[in-house]
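Here are my notes for you on this one. Have a look at the sequence and the fold before reading on.

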Amino acid sequence: MQKKNTRNNFLNRHRFLLTGLLCLFGICLLSAQDKQKQPEKKKTRVDLLHAEEAQADKILLPDVQILIRSVKLRHDSMYMYCDSALIYEKTNSVEAFGNVHVIQNDTLNLWGDFMLYNGNTEFAKVRDNVIMKDPKITLTTDFLDYDAANRVGYYFNKGTIKDSINTLISDIGYYYLPINEMFFKDSVK
């Protein structure tokens, strides 16, 4: 009988130990998941700072602001200037036309003839006569996609990158502004 009680006590202690280990494992797992969750960045809207003329057609284009002459917009730390623009309120996006100039954090300047910018994704498509300039390099191309949140530029229809010493021409390239790194594909020169 004493053998049976000893065995039951042994099993009960192991069950208690096993249950405790499983609870501890669960707590560790939940804690690790909480650390992996990053707070979602609050989405801000693209704000109109100035335009000489603004129009709206609430019947044909109910969520669109038409901005004409000397347009100035802001989204977080980015300022956008252009000759005219359409702001789509529902999608928080902008189509900018003529003499587009973007300034981000006072270090990046981006020019082009046309830009489509999404304020929710912080992604811009800049087209025609594109120049991207930071303190170290100048990139010229006709097609540039720019991820403003991560500060990464991508061109895919030939581009020229110049710094104080070198000039490089390539068909496709990425420019990572935070680390000033360039990656190219199919270099011509």
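Is Leu60 buried or exposed?

1. Leu60 counts as exposed, because its relative accessibility is 67%. On the cut-offs, buried means under 20% relative accessible area, exposed over 50%, and partly exposed in between, with a 1.4 Å probe and protein chains only. Leu60 lies in the loop between strand 2 (53-57) and strand 3. Together with Ile59 and Leu61, Leu60 makes a nonpolar surface patch of about 370 Å². Patches are built from residues with over 30% relative accessible area and no salt bridge, with like charges joined within 9 Å and nonpolar side chains (Val, Leu, Ile, Met, Phe, Trp, Tyr) within 5 Å. A salt bridge here is a side-chain nitrogen of Lys or Arg within 4 Å of a carboxyl oxygen of Asp or Glu.

2. A word on what you're looking at: this is a predicted model, where local features need pLDDT of at least 70, side-chain atom pairs count only at pLDDT 80 or more, and totals for chains, interfaces and linings use all residues. Residues are numbered from 1 along each chain as its sequence is written, and side-chain values use heavy atoms, with hydrogens and water left out.

3. Now the overall layout. Helices (H or I, at least four residues) and strands (E, at least two) are DSSP runs, numbered from the N terminus. Of the 189 residues, 30% are buried. The chain exposes about 12,600 Å², and carbon and sulfur atoms supply 56% of that; such areas come from the Shrake-Rupley method with a 1.4 Å probe, and for residues only the protein chains shown count as cover.

4. On to the inside. The largest nonpolar core has 30 residues, and Leu73, Leu110, Met115, Met132, Leu144 and Tyr146 have the most contacts inside it. Strand 3 (61-75), strand 4 (78-88), strand 5 (93-104), strand 6 (108-118), strand 7 (123-133) and strand 8 (138-147) each supply at least two residues of this core. Strand 4 gives the most, with 5 residues. By nonpolar core I mean a set of buried Ala, Val, Leu, Ile, Met, Phe, Trp, Tyr and Cys residues joined through side-chain atoms within 4.5 Å.

5. Which residues does Met115 touch? Leaving out residues up to four places away in sequence, the list includes Met80, Val94, Ala96, Val102 and Val126. A contact means heavy atoms within 4.5 Å.

6. Take a look at Glu89, in the loop between strand 4 and strand 5. Glu89 is partly exposed, because its relative accessibility is 42%. The side chain of Glu89 makes a polar contact with the side chain of Gln65 (2.8 Å). That term covers a pair of N or O atoms within 3.5 Å; within protein, one must be able to donate a hydrogen and the other to accept it, and residues adjacent in sequence count only if both atoms are side-chain atoms.

7. Ser93 sits in strand 5 and is buried, because its relative accessible area is 10%. The side chain of Ser93 makes a polar contact with the side chain of Thr91 (2.7 Å).

8. Finally, two backbone angles to check. Ser70, in strand 3, has a positive phi near 50 degrees without being a glycine. Glu122, in the loop between strand 6 and strand 7, has a positive phi of about 55 degrees and is not a glycine either.
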